[in-house]
Amino acid sequence: MPGTPKKNLMLFGGRAYPELTEEVSKHLNVTVTPQQAYDFANGEIFVRFEESVRGCDAFVIQSHTAPINQWLMEQLIMVDALKRASAKRITVIMPFYPYSRQDKKHRGREPISARLVADLFKTAGADRLVSVDLHTAQIQGFFDGPVDHLWAMPLLADHIRGKYAGHEITVVSPDSGRTKLAEKWADTLGGAPIAFIHKTRDPLRPNEVVSNRVVGKVEGRLCIVIDDMVDTGGTIAGAVKQLLNEGAADVVIAATHGILSGPATQRLQDSGAREVVFTDTLPIPAEKRFPKMTVLSIAPLLARVIQEVFEDGSVTSLFDGNA
């Protein structure tokens, strides 16, 4: 008998950050599909889903935290398993896009690893990618299919606006490469002025920053230092100290991805920042947190995007037409 097939949303989560997948599932009011996942003695990964996925609209969530290569491989294997089990459409959700900093060749004989990651997911069987605050927007063009590039800025800016209402705010880019992002932040915060840290170098001392100079009005103002990710924390901690030396009243760090490798937590603690705000695109364990750190949940945004994609709605509408 002819009929209209019923759409079926199924949610899948890798082992890197199951708490995020569970939170997304609660917002969607669906259960995470049960699966077997384990490592063989030699490190190979095995995944098998315990329910039929034939004809489903599959959403596969994985946070690419350390060890990043293991979780990248696990998500690829999950996509491959879904493709071979006849899932109708496979959407890969990677809140933090792995290898996003390697998006172009700076010198000869270097890889473009961000493109390689996109090719791997396409080959595995992914139909669509969803990510939050890509390191550069050009990465969207690396994947031969729809890419939903989500912004965490509205979430972070709402927190800043609510907590620091009445302060004279300046939005600060930690280097000249983030000035466009700073301009978007400034507009979102009601036309706040922007500044950036200009790094000066001695041509006789390659790869070494000699001094920093703040360009813009920061004296006596609350400075919001914005970035997409904080890895070892050296650049952003240095920016905070420079702003305080230039007379800033207070400094708040706001970034999407808290990678927090090695000495990052200690550097952020010692930087003098009034508050450090991240989203939970990556897990931030208790030992890496400190009293002045605030972690905002990205799960409601991911859930809304999944719902829009499943219902063939508009993801752009979630960002006032600007995403």
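Mentor: Two strands are said to pair if DSSP finds at least two bridges between them. The model shown here is predicted. In it, 4 bridges join β5 to β6, and these strands run parallel.

Trainee: Which residue is the bridge partner of Met94 in β6?

Mentor: Met94 has Ser131 as its bridge partner there. On β4, β5 pairs in the parallel sense as well, over 5 bridges; Asp57 has Arg89 of β5 as its partner.

Trainee: With which strand does β1 pair in the parallel sense?

Mentor: Strand β1, residues 9-13, pairs with β4, residues 57-61, over 5 bridges. Within this pairing, Phe12 stands opposite Val60 in β4.

Trainee: Which helix makes a β-α-β unit with β4 and β5?

Mentor: Helix α2, residues 68-84, forms that unit, and the unit is right-handed. Another right-handed unit consists of β5, helix α3 (residues 113-124) and β6.

Trainee: How many residues of strand β1 are buried?

Mentor: A residue is called buried when its relative accessible area is under 20%. By that reading, 5 of the 5 residues of β1 are buried. Both faces are covered, with Leu9, Leu11 and Gly13 on one side and Met10 and Phe12 on the other.

Trainee: Why is β5 described as largely enclosed by the rest of the structure?

Mentor: The description applies because 5 of the 6 residues of β5 are buried.

Trainee: How should I read a helix, and which residues of α8 are buried?

Mentor: An α-helix has 3.6 residues a turn, so residues three or four places apart point the same way. In α8, the buried residues are Ala299, Leu301, Leu302, Ala303, Val305, Ile306, Val309 and Phe310. Their cover includes β1, α1, β4, β5, β6 and β7. The 12 residues of α8 reach 16 Å from first C-alpha to last, close to the 16 Å expected. After α8 comes Asp312, whose phi is positive, near 55 degrees.

Trainee: Which residues touch the most other members of the largest nonpolar core?

Mentor: Of its 45 residues, these are Val24, Leu150, Ile160, Val171, Trp185, Ile224 and Ile306. Helix α8 supplies the largest share of this core, 8 residues. Apart from this core lies another, of 31 residues, among them Met10, Ala87, Phe142 and Val147.

Trainee: What does Ile224 touch, not counting residues up to four places away in sequence?

Mentor: Ile224 touches Ile160, Ile169, Thr170, Val171, Val172, Trp185, Val252 and Ala254.

Technical notes. Residues are numbered from 1 along each chain as its sequence is written. This is a predicted model: local features need pLDDT of at least 70, side-chain atom pairs count only at pLDDT 80 or more; totals for chains, interfaces and linings use all residues. Side-chain values use heavy atoms; hydrogens and water are left out. A nonpolar core is a set of buried Ala, Val, Leu, Ile, Met, Phe, Trp, Tyr and Cys residues joined through side-chain atoms within 4.5 Å. Buried means under 20% relative accessible area, exposed over 50%, partly exposed in between (1.4 Å probe, protein chains only). Helices (H or I, at least four residues) and strands (E, at least two) are DSSP runs, numbered from the N terminus. Contact means heavy atoms within 4.5 Å. The expected span of a helix is 1.5 Å times one less than its number of residues. A crossover is right-handed if, with the strands pointing away from the viewer, the path from the first strand over the helix to the second runs clockwise.
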